[in-house]
Amino acid sequence: MTDGAFTEGFIALENVEKVFDVRKKTGFLKRERREVRAVDSLSFTVACGEMVGYIGPNGAGKSTTIKMLTGILTPSAGRLRVAGIDPSRERRRLAHRIGVVFGQRTTLWWDLPLIDSYRLAHRMYRIPDARYRENLDRCVELLELEALLDVPVRQLSLGQRMRGDIAAALLHDPEVLYLDEPTIGLDVVSKAKVRGFLRELNAERATTVLLTTHDLQDIEQLCSRVMVIDHGRLMYDGPLTGLHEAGESERTLVVDLERELPPVEVPSARVVRVEGPRQWLAFPAGQSAAPLVARLAAEYPLVDLSVREPDIEAVIAKMYAEKAVS
Ligand SMILES: Nc1ncnc2c1ncn2[C@@H]1O[C@H](COP(=O)(O)OP(=O)(O)OP(=O)(O)O)[C@@H](O)[C@H]1O
């Protein structure tokens with residue numbers, strides 16, 4: 001990475017590493033020391049206003065990255081900046097510029113009514129009164145929190161609590177929002193509400209969003225760019241659609257023939273399934289279906305056909321599996 005790219009990135013990491021020292025008891029008085037390289041030579045930048053998906057299998061290093069970006073953890077090596085700030089050195093100053101939502105944990109006060117957590121944030125972040133009111137009103141309206149403000153947090157459903165947490169992270173107008181599994185465990189309606197709100201936030205306020213999730217629909221619906229991490233290393237950085245090529249995925253042509261026939265034979269496609277007169281042909285996702293269809297129509301009694309796009313989850317699963325083998 002050039003120094004210019006590093007300093008211009010709103011979020012910028014250069015050769016960042018995080019190594020944990022783990023001690024395991026192996027006998028009565030024996031302990032074994034082991035190093036876990038959670039993040040390894042990680043470099044990327046995120047521009048102001050971008051909404052980027054950050055995905056990877058369990059234990060890939062996603063949470064460790066987010067913790068370093070908030071200043072909770074100090075990198076073992078490398079350079080890291082968020083809004084020009086070194087997070088671990090100036091954690092307090094950075095706290096005013098970022099918002100964090102961990103889907104699995106809440107930052108709200110469990111026994112207090114929701115509104116009390118917001119009042120505390122108002123004071124803690126020293127948010128000017130007018131700004132606080134405006135942000136609160138907006139979050140209450142868009143996240144439909146009005147009826148929940150006086151309810152103790154412990155009585156909220158998961159989806160209500162999540163919406164409450166997102167509002168809490170935004171009252172101080174952060175320029176960057178880290179979201180760790182913001183739709184985990186939510187039903188379809190709650191997921192749609194959260195996604196709609198995030199889209200609006202990003203469009204209206206140009207809030208930079210780094211989104212970690214295992215739900216690929218979050219990414220499909222929100223992010224034009226996705227980064228895939230595995231074993232602490234960046235495996236892919238680009239548009240979601242590009243993952244198909246990176247994962248060497250295949251599309252499927254489903255053909256209905258006039259009658260049952262042996263598997264059809266056409267170049268650059270292979271029959272993967274036959275059921276009566278219907279046959280499934282796999283062909284590379286980057287290739288056009290047109291010549292294949294023309295050839296089939298010329299040589300076989302074709303009645304109907306359709307093309308199926310590769311399933312993005314299958315593409316990613318294949319990428320992870322290939323990495324694990326190599
Ligand atoms: N405090 C710690 N001490 C020791 N090892 C740790 C610590 N935190 C994380 N690790 C290890 O670092 C690796 C990366 O963990 P991390 O939590 O960043 O992964 P993740 O991608 O967020 O996974 P998940 O999707 O399961 O949340 C794992 O092998 C994990 O066991």
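Mentor: Start with Leu 240, which sits in the loop between strand S9 (233-238) and helix H9 (242-246). Keep in mind that the model is predicted.

Trainee: What makes Leu 240 count as partly exposed?
Mentor: Leu 240 has 19 C-beta neighbours inside 10 Å. Buried needs 20 or more, and exposed needs 12 or fewer. The value 19 falls in between, so Leu 240 is partly exposed.

Trainee: Why is Thr 208 called buried?
Mentor: Thr 208 has 23 other C-beta atoms within 10 Å. The cut-off for buried is 20 or more, so the label holds. Thr 208 belongs to strand S7.

Trainee: Which residues is Thr 208 in contact with, leaving aside its neighbours within four places in sequence?
Mentor: Among them are Phe 10, Ile 11, Val 46 and Cys 48. Glu 175 and Val 176 are also in contact with Thr 208. Lys 318 is 30 Å from Thr 208, C-alpha to C-alpha, and 110 residues away in sequence.

Trainee: How do you know that the length of helix H7 agrees with its residue count?
Mentor: H7 covers residues 188-205, which is 18 residues.

Trainee: What makes the buried residues of H7 line one face?
Mentor: Seen down the helix axis, they fall within an arc of 160°, so they line one face of H7. The buried residues are Lys 191, Lys 193, Val 194 and Leu 198. They pack against helix H6 (158-170), strand S7 (208-212) and helix H8 (216-222).

Trainee: Which residues are exposed on the other side of H7?
Mentor: Val 188, Val 189, Glu 200, Ala 203 and Glu 204 are exposed there. After H7 comes Ala 206, with a positive phi near 55°.

Trainee: Where is Ser 41, and what makes it partly exposed?
Mentor: Ser 41 lies in strand S2. It has 15 C-beta neighbours inside 10 Å, between the limits of 12 and 20, so it is partly exposed.

Trainee: How do you know that His 231 is partly exposed?
Mentor: His 231 has 17 other C-beta atoms within 10 Å, again between 12 and 20, so the label is partly exposed. His 231 is in the loop between strand S8 (225-230) and S9.

Trainee: Which element gives the largest share of the shell around the ligand?
Mentor: H2 does, with three residues. Strand S1 (11-25), strand S2 (31-46) and helix H2 (62-70) each supply at least two. The shell includes Phe 20, Val 36, Gly 61 and Lys 62.

Trainee: How do the shell residues divide by type?
Mentor: Five are nonpolar, six polar and one charged.

Trainee: How many residues does the chain have, and what share is buried?
Mentor: The chain has 326 residues, and 33% are buried.

Note on methods
Residues numbered from 1 in each chain as written. Predicted model: local features only at pLDDT ≥ 70, side-chain atom pairs only at ≥ 80, totals over all residues. Near = placed C-beta within 6 Å. Helix = DSSP H or I, 4+ residues; strand = E, 2+ residues; numbered from the N terminus. Nonpolar A, V, L, I, M, F, W, Y, C, P; charged D, E, K, R; others polar. Expected span 1.5 Å × (residues − 1). Arc of directions from axis to C-beta. Contact = placed C-beta atoms within 7 Å.
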